[in-house]
Amino acid sequence: MIPIARPMIGEEEKAAVLAVLESGQLAQGEQVARFEEAFARFCGVRYAVATSSGTTALHIALLALGIGPGDEVLTTPFTFIASANAILFCGARPAFCDIQPDTFNLDPESAEAVLRRRRAQGKRVRAILPVHLFGHLCDMPAILDLAARYDLLVLEDACQSHGAALDGKKAGSFATGCFSFYPTKNITTGEGGMITTDDEAIAERCRLLRDHGQRRRYHHETLGYNFRMTNIAAAIGLAQLEKLPRHTEMRIRNAAYLTAHLKDLPHVIPPTVRPGYTHVFHQYTVRIRGDRDRAVEELRNRGIGTGVYYPLPVHHQPLYRQMGYDDSLPEAERACREVLSLPVHPALSQEDLKTIVEAVASLPT
Ligand SMILES: *Cc1c(COP(=O)(O)O)cnc(C)c1O
């Protein structure tokens with residue numbers, strides 16, 4: 001079986017973990033500080049704050065921005081549930097916008113229309129949470145322009161986009177950003193997350209919120225959480241970060257091979273990379289013209305693991321239905337019916353890539 005994802009763990013990660021275990025300093029400490037510094041440098045920002053997951057990073061970053069009850073946050077429904085749930089954790093409410101069909105990302109024009117409508121209804125729309133899905137940045141110039149015109153705070157969900165860029169400017173450096181180091185992501189720490197920012201006050205608030213609101217031990221200034229990263233996780237992250245540029249190159253090369261061999265098939269639409277953008281291919285996601293669910297099954301029978309990210313838009317999830325969400329967002333809903341992610345990770349061999357291409361080419365149309 002060719003899996004849809006595989007963490008790339010080598011001798012470096014194993015040695016780094018052993019060293020931490022032998023040191024006896026297992027919880028947040030020196031390795032976490034070093035990982036934060038290295039990750040900030042990688043993203044081209046001044047501060048990075050490590051957390052226990054991408055979800056907890058989103059949660060406290062929103063709190064640090066001052067999002068709370070009565071606020072609304074513009075976001076995409078075509079994402080992992082955590083992007084929207086983080087807004088709920090703060091007592092605020094997501095306002096869902098439609099997506100751009102080529103990149104699957106939040107459509108700034110739809111966001112502007114939703115914003116104007118919600119504000120006309122007296123709702124307090126205070127922020128926008130673009131998600132850089134599958135490794136392709138959102139149209140950040142348009143989103144930052146929208147934010148400036150309507151006085152919106154911006155939080156980037158970059159959980160799938162470590163190193164993704166526009167004209168060399170990296171994800172997490174356009175505004176405050178959140179990353180995940182879950183094992184399927186482009187780099188992993190087992191579980192883990194990171195907040196990136198150039199704003200010292202936001203970094204400071206995030207540090208407080210992740211550690212029970214204490215700057216000084218047992219002096220609690222505010223209601224905080226235990227969302228800390230361990231030194232064990234950070235040691236893995238430091239080793240992974242060293243390898244990330246090479247692994248990203250491999251993802252890009254694998255994606256180029258797949259696109260070259262799939263682009264002329266009538267039943268497959270390969271992913272788009274807009275000019276100037278560096279797509280880091282967390283997922284290689286095509287649209288299937290025809291029976292997508294049958295394609296999943298046929299590929300599984302030929303030993304190829306695939307993923308459907310995502311089969312349901314967030315506003316159609318039972319949780320959100322129960323909350324009364326009944327938006328119609330046609331592009332997001334169509335994407336849920338058509339998308340299929342093929343393996344693109346760095347562990348693929350040339351033979352694997354050939355197998356994938358042949359299997360996709362032979363799908364019934
Ligand atoms: C993975 C992911 C998250 C959450 O990250 P965890 O580390 O699993 O908590 C949030 N948003 C998106 C878009 C993700 O892909």
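**Entry 1: the bend in α8.** I began with helix α8, which bends by about 50 degrees at Leu-244, with a proline, Pro-245, following within four residues. I note at the outset that the model is a predicted one. I then asked what span the 32 residues of α8, residues 231–262, should have.

**Entry 2: helix α3 and its ends.** Next I turned to α3, residues 54–65, whose twelve residues reach 16 Å from first C-alpha to last, close to the 16 Å expected at 1.5 Å a residue. How many of the twelve residues of α3 are buried? I found ten, so the helix is largely enclosed by the rest of the structure. Among the buried residues I listed Gly-54, Leu-58, His-59, Ile-60 and Leu-65. At the N-terminal end I looked for a cap and found Ser-53, which has a side-chain oxygen 3.2 Å from the backbone nitrogen of Thr-55. Just after α3, Gly-66 takes a positive phi of about 95 degrees.

**Entry 3: backbone angles that I flagged.** As a reminder to myself, most residues other than glycine have a negative phi, and most peptide bonds are trans. Phe-134 has a phi near 65 degrees, a positive value in a residue other than glycine, and I placed Phe-134 in the loop between β4 (124–129) and α6 (140–150). Asp-151 likewise has a positive phi, near 55 degrees, and is found in the loop between α6 and β5 (153–157). Are these two residues buried or exposed? Phe-134 has a relative accessible area of 3%, and because the limit for buried is under 20%, I record Phe-134 as buried. Asp-151, at 69%, counts as exposed, since the cut-off for that class is over 50%. I also noted a cis peptide bond between Tyr-309 and Tyr-310, with omega about 15 degrees; Tyr-310 sits in the loop between α9 (292–301) and α10 (318–322).

**Entry 4: salt bridges.** The count of salt bridges comes to 22, and I followed several of them by hand. The side chains of Arg-118 and Glu-72 meet at 2.7 Å, N to O. Arg-118 lies in helix α5 and Glu-72 in strand β2 (residues 71–75), so this pair ties together parts that are 46 residues apart in sequence. Both Arg-118 and Glu-72 are buried.

I then took the salt bridge between Glu-204 and Arg-215, which is also listed at 2.7 Å, N to O. Glu-204 is in helix α7 (residues 200–210) and Arg-215 in strand β10 (residues 214–216), eleven residues apart, and the pair links distant parts of the chain. Glu-204 is partly exposed, with a relative accessible area of 26%.

For Arg-292 and Asp-293, the side chains meet in a salt bridge of 2.9 Å, N to O. Finally I traced a network of salt bridges that links Arg-287, Arg-289, Glu-331, Arg-334 and Glu-338.

**Entry 5: a nonpolar patch on the surface.** Which residues form the nonpolar patch on the surface? I found Leu-18, Leu-21 and Leu-26, with about 260 Å² of accessible area together. Leu-21 is found in helix α1 (residues 11–23) and counts as partly exposed, at 44% relative accessibility.

Entry 6: Phe-179 is placed in strand β8 (residues 176–180) and is buried, with a relative accessible area of 0%. I compared its position with that of Pro-108: Phe-179 and Pro-108 are 71 residues apart in sequence and 22 Å apart in space, C-alpha to C-alpha. Thr-103 lies in the loop between β3 (93–96) and α5 (108–120) and is buried, with a relative accessible area of 4%. A polar contact of 3.4 Å joins the side chain of Thr-103 to that of Gln-100.

Technical notes
Residues numbered from 1 in each chain as written. Predicted model: local features only at pLDDT ≥ 70, side-chain atom pairs only at ≥ 80, totals over all residues. Heavy atoms only, no water. Helix = DSSP H or I, 4+ residues; strand = E, 2+ residues; numbered from the N terminus. Expected span 1.5 Å × (residues − 1). Bend = angle between axes of the 7 residues up to and from the residue. Buried < 20%, exposed > 50% of the residue type's maximum accessible area, 1.4 Å probe, protein only. Patch = residues over 30% accessible without salt bridge, like charges linked within 9 Å, V, L, I, M, F, W, Y side chains within 5 Å. Areas by Shrake-Rupley, 256 points an atom, 1.4 Å probe, with all protein chains shown as cover. Salt bridge = Lys/Arg side-chain N within 4 Å of Asp/Glu carboxyl O. Polar contact = N/O pair within 3.5 Å; in protein donor to acceptor, adjacent residues only side chain to side chain.
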